[in-house]
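Hello,

Here is the structure I said I would pass on. My notes on the contacts follow below it.

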Amino acid sequence: MTGAARRDGWVGYAFVGPFLLVYAAILIVPLLMGLWISLNNADLFGRREWVGLANYAQALGDPVLGQAFANTLTLTLLIVPPLTVIALLLALALNRATRLAAILRGVFFSSLVLSVTIVTLIWRFILTPDAGLVAVGLGALGRAPVPFLSDPAYVIPALAVTTLWWSLGFPIMLFLAGLQQVPHDIYEAAALDGAGRWTVFRRITLPSIRRTLLLVVMLQTAAQLQIFGQAQLLTGGGPGGASRTIVLYIFEVSFGRWELGYATAIAELLFGMILAVTLLQYWLVIRHEEQRA
Amino acid sequence: MRKRALAFGFAGVLLAGCQPADERPEIVVQRFFGECGAVYGASTDVAGAETECGILTTLINRFAAENPDIRVKVNVVAWPGYPQLAAQIAAGDPPDLVTMHQSVIADYSSRGLIEPVEPLLAEANIDPAAFTPAARAGVEKEGRLYAMPWDTIGRLFHVNTALMAEAGLMREGRPVLPNSPEELLAQARQFKQRTGKPYLIQAQVSAPDFMVAFLYTYLLAQGQPIFPDARHVRLDTPEARRVVALMRQLNAEGLTTRNQDFPAATAAFTQGRGGIFPVGTWMLGPYDAEAARRSSALHGHYAVAPFPRLWGSPAPFVDGHAWVVPAASRSRAERAAMARFLGFLARYNYDWSRTGQLPAFAAVLATPEFQALPHREDIAALARTGRQLPGYVERQSAVQGLIGEELEAAITGTKPVDAALRDAERRVNRLYAQMM
């Protein structure tokens with residue numbers, strides 16, 4: 001390596017060094033500390049007692065965690081595919097330079113700036129069976145109110161709808177950014193060739209934004225596997241744990257029961273799960289691209 | 001010109017930030033009981049305040065106004081606020097004075113996370129002998145006082161007497177309450193048949209504490225040791241199955257409201273949509289005020305009574321609120337400020353008892369003002385018969401969450417009663433087994 005190349009290398013490290021230091025301090029070190037704590041019977045206040053993999057063994061046999069895992073997976077499946085499709089359709093509809101489209105882009109994005117507390121408050125007013133908007137509507141039709149927030153059959157769909165409403169803005173923006181990167185001359189060429197709208201979407205638009213699509217699916221999957229605020233504020237995980245999510249369970253175990261070691265073990269398992277799902281999604285898309293190449 | 005204006009502006013901003021340091025001792029008061037700043041944010045009229053939130057907010061405002069040499073910072077936390085407190089203690093940044101249920105104190109005192117308060121009480125001229133026996137028992141752990149008690153709380157039957165009369169369940173102006181589970185079911189059916197409304201109003205959604213209090217009350221009544229020792233709960237018993245089966249039966253027959261959270265249940269009671277709302281002493285004041293309102297469905301038709309004796313002997317489960325001091329290093333001036341705050345609160349214990357809670361200071365019980373408060377003779381039995389859990393029982397906040405969740409599943413019918421009680425026992429015992 002020449003002296004200039006070596007110097008360039010050091011300059012590169014100097015640029016990324018500060019970021020890497022902060023990244024290591026606030027992400028890598030806590031991750032490693034978490035791994036260590038998960039191997040201990042630990043409370044919130046510094047007590048530690050080595051138990052090896054016992055917390056992990058306990059997690060694998062914990063029926064409450066099993067229920068929380070199933071709830072989280074169901075929620076993710078109920079949220080990510082519809083969210084992706086709806087956001088893409090809305091982005092396609094709003095990808096035009098009209099005043100109405102600009103206003104609607106703002107409208108759809110606005111829900112995202114609300115805090116989870118406000119979102120759950122709004123949806124409580126809509127869903128509560130006593131005097132909620134839906135109950136009033138059903139009452140006007142002579143129908144009984146539906147206990148969306150207290151019936152095990154309805155709580156998960158209620159949380160999914162709330163989250164869909166709240167989360168639409170960001171994927172729409174990502175899709176719009178992706179759509180605006182597609183060169184316009186390809187569409188002109190397709191028009192000259194007489195391609196229909198569906199063919200244009202399938203052959204040009206979708207392949208052009210596939211990386212944005214992957215990004216949206218990966219981000220949303222990772223986010224929904226960590227769903228917490230809506231479950232805690234809207235249903236408290238009830239009834240009978242029917243809407244308890246993994247992160248809500250981690251919160252209860254660590255700050256309610258003070259079992260920090262066990263909570264950390266569950267958090268590490270969740271981290272592994274999110275990493276595996278994300279890598280799987282990435283691999284599926286990359287493999288597909290390599291096959292095309 | 002523009003540069004000079006900018007420079008002056010910048011200098012002005014910098015100078016505005018320069019002010020003498022506030023040398024006053026600061027105390028951080030952390031409390032639950034809700035947020036009502038919109039109504040009581042600036043009020044210091046304690047006698048004119050209503051509800052727990054209103055009275056405590058005006059009390060703190062008044063203390064701040066009367067003690068300008070102390071900086072009072074208030075953290076309002078969502079009930080019960082223990083996850084936040086645990087996180088604050090773990091982070092080494094606890095508040096100075098915190099509201100805490102007496103049943104929770106042992107969790108913190110046994111680990112040295114809160115301080116004994118005898119020195120502060122002495123500095124505030126508060127004699128522990130002035131506490132009621134129930135209040136003192138709630139804050140005394142292993143011979144030390146770990147809090148200043150603030151009240152004794154229990155659950156009551158809040159009764160709509162107009163609907164009870166319509167159901168034929170009034171005698172000599174008093175509601176007729178059951179003396180056995182069979183009578184309870186019979187009266188509830190009669191009530192529903194005659195009024196078309198549910199006998200009970202219950203907050204079943206996100207409110208596990210009521211169901212746990214109901215279970216504890218009737219297990220204590222049957223002489224059942226719920227916590228035989230510090231590391232075990234006993235719930236998988238015929239006595240517990242009887243209690244939960246009754247709650248499930250009421251639910252299954254539609255003799256109680258369903259799918260209501262606390263605000264919805266309160267609205268249902270004040271609008272006359274059910275006969276009896278079994279909820280805490282803390283709603284006595286607000287419901288009495290509602291009954292005084294001419295346009296209310298409760299107007300002139302409100303009564304209260306302790307939980308009826310359904311099994312064994314009357315033994316309602318009671319708890320209490322208290323002020324604890326998280327362990328931390330504090331200056332002499334800060335401790336003096338905290339003592340002054342406790343002394344101030346102690347002087348206003350009567351005003352706090354207007355909420356419906358029983359006062360923590362025995363002298364208040366004897367005052368004509370307290371005795372003149374409505375319905376206090378109806379709940380006096382609570383002070384005599386109320387039972388707390390043994391002092392060695394820890395982790396009540398978490399334990400009640402676990403039991404409440406299983407009870408909810410049993411009562412709503414999503415889990416058999418036996419399985420729910422077995423699971424509750426297993427989950428609580430596992431929690432105790434993990435406890436360090």
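Chain B gives 26 residues to its contact with chain A, and chain A gives 25 residues. Two residues are in contact here if their C-beta atoms, placed from the backbone, lie within 7 Å. This is a predicted model, in which local features need pLDDT of at least 70 and side-chain atom pairs count only at pLDDT 80 or more, while totals for chains, interfaces and linings use all residues. Residues are numbered from 1 along each chain as its sequence is written, and chains are lettered from A and ligands numbered from 1 in the order in which they are written.

On the side of chain B that touches chain A, the elements giving two or more residues are α4 (82-90), α12 (262-270), α19 (396-411) and α20 (417-434) of chain B. Helices are DSSP runs (H or I, at least four residues), numbered from the N terminus. The largest share, 6 residues, comes from α19(B). By class, this side of chain B has 13 nonpolar, 9 polar and 4 charged residues. Nonpolar means Ala, Val, Leu, Ile, Met, Phe, Trp, Tyr, Cys and Pro; charged means Asp, Glu, Lys and Arg; the others, Gly among them, are polar.

Within chain B there are domain 1 (20-150 + 320-385) and domain 2 (154-318 + 395-434), with bounds from an automatic or database domain assignment. Their centres, taken over C-alpha atoms, are 28 Å apart. In chain B, 21 residues of domain 1 are in contact with 21 residues of domain 2. On the domain 1 side, α3 (51-66) and α18 (376-385) of chain B each give two or more residues, and α18(B) has the largest share, 5 residues.

Regards
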